[in-house]
Every structure is written in structure tokens, then in C-alpha cells.
Amino acid sequence: MISKTITIQLPSGLEARPIAMLVQVASQYESSIYLQSEQRKVNAKSIMGMMTLGLNAGEKVTVCVNGKDENDAICRIEEYLSGK
């Protein structure tokens, strides 16, 4: 299991469309992927769960990934959240 704190650099933060894209990215991997902000931890493959986070640009989120493709998954999610 690996985890990394990432600053959200998407201009609109994590609202509906960016969340849908993030769920698509996360769903490409077999690993379990969770995003944690303060005391909330949600499955990155769940669009409804992700909507509850309500994160804005500039906020930090911890990404926790566990599975055989965890390194690839965390790199791709960091890339997405960093706006690259």
C-alpha cells in the first residue's frame, strides 16, 4: 500500500465533470484507490462518494492505493489532479 498527499491543481477543483474523469482514471486500475480529506475517506471509483468530498483547487488530498498496479495508479492520479 502506498499513499501520497497531492494538491489539487484543476482550475475548477473537484466538481462534477472533473470527478467523472477521475473516476474513469481510477477505474482503469485493479488496485483499490481511496481519497482522504480531513476525516472523510472515499473510494475513488465511486462517483457518488467522490461528490461528497467537495474539494476546491489548492486543497490537499491524500491518495491511498493498494494492489498490484498501485505505482502506475498513483502516478496517473497525481498527474490528473495536478492538471498535467
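The model is a predicted one, where local features need pLDDT of at least 70, side-chain atom pairs count only at pLDDT 80 or more, and totals for chains, interfaces and linings use all residues. Residues are numbered from 1 along each chain as its sequence is written, and side-chain values use heavy atoms, with hydrogens and water left out. Helices (H or I, at least four residues) and strands (E, at least two) are DSSP runs, numbered from the N terminus.

**Helix α1**

- Helix α1 covers residues 16–27, twelve residues in all, and runs 16 Å from its first C-alpha to its last. That is close to the 16 Å expected at 1.5 Å a residue, where the expected span is 1.5 Å times one less than the number of residues.
- Its buried residues are P18, I19, L22, V23, V25 and A26. Buried means under 20% relative accessible area, exposed means over 50%, and partly exposed is in between (1.4 Å probe, protein chains only).
- Look down the axis of α1 and those buried residues fall within an arc of 160°, so they line one face of the helix. The arc is taken from the directions from the helix axis to the C-beta atoms.
- The cover over the buried residues of α1 includes β2 (32–37), α2 (47–51) and α3 (70–81).

**Salt bridges**

- Side chains of opposite charge can pair when their charged atoms come close. The rule here asks for a side-chain nitrogen of Lys or Arg within 4 Å of a carboxyl oxygen of Asp or Glu, and the count comes to three salt bridges.
- K4 pairs with E78, with the closest N and O atoms 2.9 Å apart. K4 sits in strand β1 (residues 2–7) and E78 in helix α3, so this bridge ties together parts that are 74 residues apart in sequence.
- Both partners are partly exposed: K4 has a relative accessible area of 35%, and E78 comes in at 24%.
- E30 and K68 meet in a salt bridge at 3.6 Å, N to O. E30 is in the loop between α1 and β2, and K68 is in the loop between β4 (60–66) and α3, so the pair links parts that are 38 residues apart in sequence. E30 and K68 are both exposed.
- R76 bridges to E79, the closest N and O atoms being 3.3 Å apart. Both lie in helix α3, three residues apart, or about one turn of the helix.
- R76 is partly exposed at 27% relative accessible area, and E79 is partly exposed at 37%.

**A nonpolar patch**

- I47, M48 and M51 make up a nonpolar patch on the surface, with about 310 Å² of accessible area together. Patches take residues with over 30% relative accessible area and no salt bridge, joining like charges within 9 Å and nonpolar side chains (Val, Leu, Ile, Met, Phe, Trp, Tyr) within 5 Å. Accessible areas come from the Shrake-Rupley method with a 1.4 Å probe, and for residues only the protein chains shown count as cover.
- M48 lies in helix α2 and counts as exposed at 63% relative accessibility.
- M51 is in helix α2 too, and is partly exposed at 42%. Setting aside neighbours within four places in sequence, M51 is in contact (heavy atoms within 4.5 Å) with A16 and I19.

**K41 in β3**

- K41 is in strand β3 (residues 40–43) and is partly exposed at 47% relative accessibility.
- Not counting residues up to four places away in sequence, K41 touches Y34, L35 and Q36.
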